Amino acid sequence: MQHHPKSWARIYPQDWLNPIDFQSVFGNDHPVAIDLGSGKGRFLLAHAAADPDTNFLGIERMLSRVRKVSRKIERSDLRNTRLLRMEGYYAMTYLVPPRSVSTLYVFFPDPWPKKRHHDHRVFSPRFLDSLHRSLAPAGIIHAATDHLPYFHEMEELLRADDRFEQVPPFIPTEEEQTDFERYYVQHKQIGRISVQKKPEPPTEDTP
């Protein structure tokens, strides 16, 4: 069996049930942005290189992609960038600390187009609960998909959730466009929506 040495660009949690300590991982307290479903890493690498004062975490479940992108991160010496191999919903629910994420990017999630598979779609009320918990005050979610029925479902969920308010959608630069987006933007309409976390109401413990 081939042995793959550990990469400094990857996070290997010792505890898969409790939140990751981002300050220990990145060695600083800079804002943290997450690219959920980072795929082949084109957006993650370009955006992280353009914003060295933000820490970027790519979350991706496919091992081959994680290995390939981690090598690119190391070759580019992008010290503000890390990868976590994990399913997105689990990562956001259990491994991302509360109120820790300044910006979350969810680009082209699997649309599971067949009706009988719609339950597998990541966007759901439970998923929004996890995102709201993870977002820092005034944190932002940027989402995009070329599957318009799924986009309308995402849009409806986000607009109906009064914990968020809509802000102008994020448009990536050409350098930041994923390979998938670069192909489909020429052929299909892409739905984009961005929302910001509203201030949370004071709790009984708030003075």
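**Exercise 1.** Find the contact at the start of helix 4 that involves a side-chain oxygen of E87.

*Solution.* The model is predicted: local features need pLDDT of at least 70, side-chain atom pairs count only at pLDDT 80 or more, and totals for chains, interfaces and linings use all residues. Residues are numbered from 1 along each chain as its sequence is written, and side-chain values use heavy atoms, leaving out hydrogens and water.

**Exercise 2.** State which residues of helix 4 are buried, and what they pack against.

*Solution.* Helix 4 spans residues 88-95. Its buried residues (under 20% relative accessible area, 1.4 Å probe, protein chains only) are G88, A91, M92, T93 and L95. They pack (heavy atoms within 4.5 Å) against strand 1 (32-36), strand 2 (55-60), strand 3 (81-85), strand 4 (101-107) and helix 5 (125-134). Helices (H or I, at least four residues) and strands (E, at least two) are DSSP runs, numbered from the N terminus.

**Exercise 3.** Work out the strand order of the sheet and name its edges.

*Solution.* The open sheet has seven strands in the order 3-2-1-4-5-7-6, with mixed pairing. Strand 3 and strand 6 (164-167) are the edge strands, each pairing on one side only; strands pair if DSSP finds at least two bridges between them. Within the sheet, strand 4 and strand 5 (residues 135-145) run parallel and are joined by six bridges. T103 has I140 in strand 5 as its bridge partner.

Note on methods. Buried means under 20% relative accessible area, exposed over 50%, partly exposed in between (1.4 Å probe, protein chains only). A polar contact is a pair of N or O atoms within 3.5 Å; within protein, one must be able to donate a hydrogen and the other to accept it, and residues adjacent in sequence count only if both atoms are side-chain atoms.
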